[in-house]
Amino acid sequence: MLINALMYDGKSSKEHKVVMEFTFGRRVLISSHNIDVALDEVSIESRLGNTPRVLNFPNGIRCKSTENDKIDQVLRDFGISKSKAYKIESSLALTLGSVLITIGFIWFMLTAGANYTATALASVLPQTTLDEVSEMSMNQLEAHYLKPSKLSEAQKNIIQTHFDLLTKGENQYHLHFRASPEMGPNAFALPSGDVVLTDELVALSKDSEFRDILGVLAHEKGHVVHKHSLRMAIKTGVAGVIIGYITGDVSVIATMVPTILINSSYSREFEREADAHAVKELKKMGISTKYVAELFESLVKEHEGLENNNSMMGMISSHPLTSERIEYFKSYSQ
Amino acid sequence: MDKLKDETSEDKEKVVPYKTFEFKGNGKEFFRIWIVNIALTILTLGIYSAWAKVRTNRYMYANTYLNGSNFEYNADPKRILIGRIIVVSIYALFVLFYQQLMLFKIAAGIALVAFIAMPWLIRQAVSFKLRNTSYRHVPFKYKGDISEFYAFFLIHSLLNIFTLFLIFPYSYIQFKKLLLNHSYYGQGKFNFSGRTGEAYKIYFKLFLWNIAFLLGVSLMAGLVTSTGIALLEALGITLDMDALKKMLSPEIITLLGSIFLLFSYFTFISWQKAFADAYFSNFMRNKTTLDKAFFRGNLYPFALGMIGVSNILAIIFSLGLLYPWAKIRYLRYKLEHTYFICQDYDQFESEGYEKGSTIGEEMIDFFDIDIGL
């Protein structure tokens, strides 16, 4: 078969119009330049759209031809396999398949995939690692926001007993009583299982047995059980990679975008999950959810009052308190 | 373009034909290559990414034509993969020591070694890009000395720290000289003769344009909002702010607010980047020669700015699917507004192909560092 090409000798930028002849004896001839080589010595680059095909001959000679279809025909005739990548790119079904794989993968990583990966990662990561990371953040918090608790021993004892009952048989959990005027009424859990409870929150409790505080602690345990911090990190990371890749040129800010978007939308999902966990635990212990619902109501009031004081509370609180969540607890309190 | 002809005819007795670069790729074709690249990269857990990079670059280069001949990208994906593995492993080691094992001294050691190696790695990346690019089977080449890179980064980082980056345009010119004045096409030598004063002028112009643009946009936004409210009031509709506040919880307002801010930010940055790109591309082209041949840039900043903005909007609203189209559109504009004026395209003698390390290139790639070649 005769195929038109441009030939370069690799010594200068001169261009020669030539005709390549592929013979049945598996040889390639360019008679105008006395070239006669075995087909197997010529490396033919894979096809890429309709760009000129590159054929590298021995001695640094290169030919380029736009007659891609003819070259494919030659490859078929001589039983040389075509590039797999081009096969996929040129097939409509496989291209659509690629779109589906990509979208599916991204979707999966932002939803269920983050949970699987978090579980997998958590089982691979040694508990000591989680502990050390938590210890770091705990030290940070201790240094800046947390002060020793001023609760009475009696109060602490009641709450501690609740907590021990809640975490019976699992020794990774530890409860820390702290005062924090900066954070105000708050409770949070670190991935290690360390749960911090502020005096300010205890002060809001209207139940002498602190069954409302128990609800909050059960909620915090839910965050740890469902590995929310790890899942959040994975989702943020995945979204960051995607946004960074797609926007490419504006990557400076791209890493911040997912943090902002995800923090605000996913934190609600996590709160709901932790709430569900709290309801489950409270039910198991036979304690009504009405106490924690009431505590949330007084928190909302406290929050509204604090908003005018320009307090840190609104900024730090990771628990968006909505009437929806209060209703949720109330609905289980019969 | 008339001006262009005048200039060239004054320079030479004979009128030398100027040729624009042509780009023959199209969005549909590139979309397929792009999406298959991503899917195969996912399925192979990232290993295919090296082949993906080569296919993408080959597509871009092979579709770039000058005087009827196209460019070639010759990088070997296997070597790229090795470079990638090395860069990712070093980064992973750093993260492991820094975030997981808390062995800060070892992590700092890794960071220090990487920092010291940086000028070398950047030179490697420049060299990689050039030696893997060829035109008519004659490769480009970088011959800059490594000591010059160390001298440049040492001197200019200190200068910029002490002058609070006021000297940056000077550093820009010096860096471009460091890159271009040691670049070769075959035995043809590139020469960049841009002056510091000209760079200052461009930065100053861009600064003024940005201020004017930001003012213009805020003015427009204010005008639109106030006329909108006035219009509503004229129609007898009053906005009940309290009712609105009750309807939207603070979280939703923050979410909407941050989405709006991000959106404006993306739009502005894309505009600004493309706008500046046009200025600097023109400047670079107009001041660069290859032996006796020379380049001309004829990019319109407003046109490229509009392409940049419409591209980012298209990408956002298509959830990324229009990325290949946008990328090609941008590249096409830049290439088709670049001219090359050359007497003889056959004159360049090749010095042959070289092989070298891929680590620098992959480091640049991984951390998304723009060396602006």
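This is a predicted model: local features need pLDDT of at least 70, side-chain atom pairs count only at pLDDT 80 or more; totals for chains, interfaces and linings use all residues.
Local features need pLDDT of at least 70, side-chain atom pairs count only at pLDDT 80 or more, and totals for chains, interfaces and linings use all residues. Residues are numbered from 1 along each chain as its sequence is written, with chains lettered from A and ligands numbered from 1 in the order in which they are written.

Chain B has an open, antiparallel sheet of 11 strands, running β1-β11-β10-β9-β8-β7-β6-β5-β4-β3-β2. Strands (E, at least two residues) and helices (H or I, at least four) are DSSP runs, numbered from the N terminus, and strands pair if DSSP finds at least two bridges between them. β1 (18–20) and β2 (22–23) of chain B are the edges: each has a single partner strand, so one side of each lacks a neighbour in the sheet.

Helix α7 (168–180) of chain B packs on this sheet, touching β7, β8 and β9 of chain B, and its direction makes about 175 degrees with that of β8(B). Contact here means C-beta atoms, placed from the backbone, within 7 Å; axes are lines fitted to C-alpha atoms, for helices over the stretch in contact, with angles from 0 to 180 degrees between N-to-C directions.

Around β8(B), the pairings look like this:

| Strand pair | Bridges | Facing residues |
|---|---|---|
| β7(B) and β8(B) | 2 bridges | Tyr184(B) and Lys189(B) |
| β8(B) and β9(B) | 3 bridges | Phe190(B) and Leu290(B) |

β7(B) and β8(B) make a hairpin with 2 residues between them, and Gly186(B) in the turn has a positive phi of about 60 degrees.

After α8(B) comes Gly236(B), with a positive phi near 85 degrees.

Technical notes:
Two residues are in contact if their C-beta atoms, placed from the backbone, lie within 7 Å.
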